[in-house]
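Reader: Hi! Could you walk me through this protein model?
Author: Happy to, let's look at it together.

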Amino acid sequence: MARRIEDYALIGDHQTAALVGRDGSIDWLCLPRFDSAACFAALLGDRENGHWRLAPAGAGACTRRVYRPGTLVLESVWETASGTVKVTDFMPQRDRTPDVVRIAEGVSGRVDMLGVLRLRFDYGHVVPWVRRSDGHRVAVAGPDSVWLRSEPDVHTYGRDFSTRSEFTVAAGDRVAFVLTWHPSHEARPPLVDPYHALAQSLRDWRAWTARCRYDGPHRDAVVRSLITLKALTYAPTGGIVAAPTTSLPEEIRGVRNWDYRYCWLRDSSLTLRALLEAGCRTEAAAWRDWLLRAIAGDPADLQIMYGLAGERRLPEYELPWLPGYEDSVPVRVGNAAVGQLQLDVYGEVLDTFQVARSHDLPPKPHAWNLQRALMDFLESAWRDPDEGLWEVRGPRRHFVHSKVMAWVAADRAVRAVETHPRLGGDAARWRATRDAIHQEVCARGYDSARRTFTQSYGSAELDAAALLIPRLGFLPPDDPRVTGTVEAVRRELDCGGLIRRYSGGTRVDGLPGTEGAFIACSFWLVEALRLTGRAEEARDLFERLLALRNDVGLLAEEYDPAAGRLLGNFPQAFSHIALVSAACTLFTPATTA
């Protein structure tokens, strides 16, 4: 396996997603949910860990590929010596069970095609029993059952624990394959008409993207990011996963490999703001409602992340049989950071509900009572050290960003009562808390000699999260402490013209190795430059960041400027949220919280 992360494209059905390589191989797919075990795990191992390739026999990477405009329907084209063929890949929005549809269509000449399906359930570990039934290939292992059929029937046979299909397409010929998963104890679900499903998928996606309100420069990039966020949304609950993958490394052959198939609260207000500014009110309301359900309970038990339906237990373990992406081990499932204390999430939650109110999302019963309970807890808890925004696995510290977000929580609570007196609440007490936090952060979190906010109290390290200070309204953009921080972050966290998350490395996070430039933080710098009056520099950086997207417009979590490649889980919601937010800040009147 020698594919770079950027060699992959995404298809999905709003409940799970697959990664399709330039060579026509689906190397990652978890069924039936984003967080289920993968049945194709070649992404983190080799072909024996499961994949499904459909391409011209003997061919390598496709000649070109593109999404149909305004959709998540992928088209890959191979131009061969004997002719040209197009493969269309998509996942229909499911009725009951998930389907993957692949349609090979002859464009010119005659092209011999080869399909190789190698199912390996439980993250590439379990070889299923495969049999024939009613013209289908049926693979079963434990709770999982997968059916494969083609229309029309083509020559299909078994070899080396894989299912192979050989056929030839001439101009105008079409051969469709449908792969369907269902629980093995249930009867086969109704058959999907692949061509009807394609037409319906195109209509559904185009109707959705037509609602996008953003009409500024680089609209295609913004719409592609919104489509990606929609694809990462778990439709039954409204939760948005950080990424559909686990253990794509932040450093090649390193250990910074995490499972991102969960929903983070740190993304909540940025996500809601980006969706609302782009006109995606239905998705914004669903995300707000997911958040309200997930955090219900004792405020002291607020977690930094939850499962797709708000699950709280996400135990972390390793998969020793997988060699990892380019030998990056361990491969992890679950995320132990779920048990960390991160005070910033209280601010994220209160800010999210403030954004919802300001955009007139319909109010939810008891939402304000929950916010008051969160403030009751935070009034004393804000003074405690925590693990911070970046989930460091070192000792707890007094992180400046955590304190700033505690200020945000108090500020939004005060604003809510001032704007909507009927809500009720002790605004005077919250105002006093807000003022105390602000005074302490400015006194203990600011290095006057270097003219910058630091990562934590008494530390010399810097943190890109300080770039959010003007966006959050903690200080105005023209405050010298803000402009000094922007310059210091730009200078000291530089990574090939982009921005790292923080300085200090292992001293701060307790982990060996390094990581690349953090794409979301680099977009934060775009916003900070724009807000501090440096619009031309902001536009230049924005356009450079757009150039990091792969050929179909997708971004990972990080980028290695030296190697010129994407790093980390892919595609990354945080990166695409930051792209949308930066575009709205750049090309609409500058605003802060």
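Author: The crossing of helices α4 and α6 is left-handed, that is, the near helix is turned anticlockwise from the far one by less than a right angle. This is a predicted model, where local features need pLDDT of at least 70 and side-chain atom pairs 80 or more, while totals for chains, interfaces and linings use all residues. Residues are numbered from 1 along each chain, and side-chain values use heavy atoms, without hydrogens and water.

Reader: At what angle do α4 and α6 cross?
Author: Roughly 20°, and their axes come within 8 Å. That makes α4 roughly parallel to α6 (angles under 35 degrees).

Reader: Which residues of α4 and α6 meet?
Author: In α4, they include L270, R273 and L276, and in α6, V349, D351 and V355 are among them. Contact means heavy atoms within 4.5 Å.

Reader: New topic: which residues have the most contacts inside the largest nonpolar core?
Author: L226, I295 and W524, in a core of 202 residues. Such a core is a set of buried Ala, Val, Leu, Ile, Met, Phe, Trp, Tyr and Cys residues joined through side-chain atoms within 4.5 Å. Its largest share, twelve residues, comes from helix α8 (residues 400-419).

Reader: And what does I295 touch?
Author: Leaving out residues up to four places away in sequence, its partners include L265, Y306, V349 and F353.

Reader: Is V223 buried or exposed?
Author: V223 is buried, with a relative accessible area of 10% (buried means under 20%, using a 1.4 Å probe and protein chains only). V223 is found in helix α3 (residues 219-231).

Notes: Axes fitted to C-alpha atoms, helices over the stretch in contact; angles between N-to-C directions. Helix = DSSP H or I, 4+ residues; strand = E, 2+ residues; numbered from the N terminus. Parallel < 35°, antiparallel > 145°, perpendicular 65-115°, else oblique. Buried < 20%, exposed > 50% of the residue type's maximum accessible area, 1.4 Å probe, protein only.
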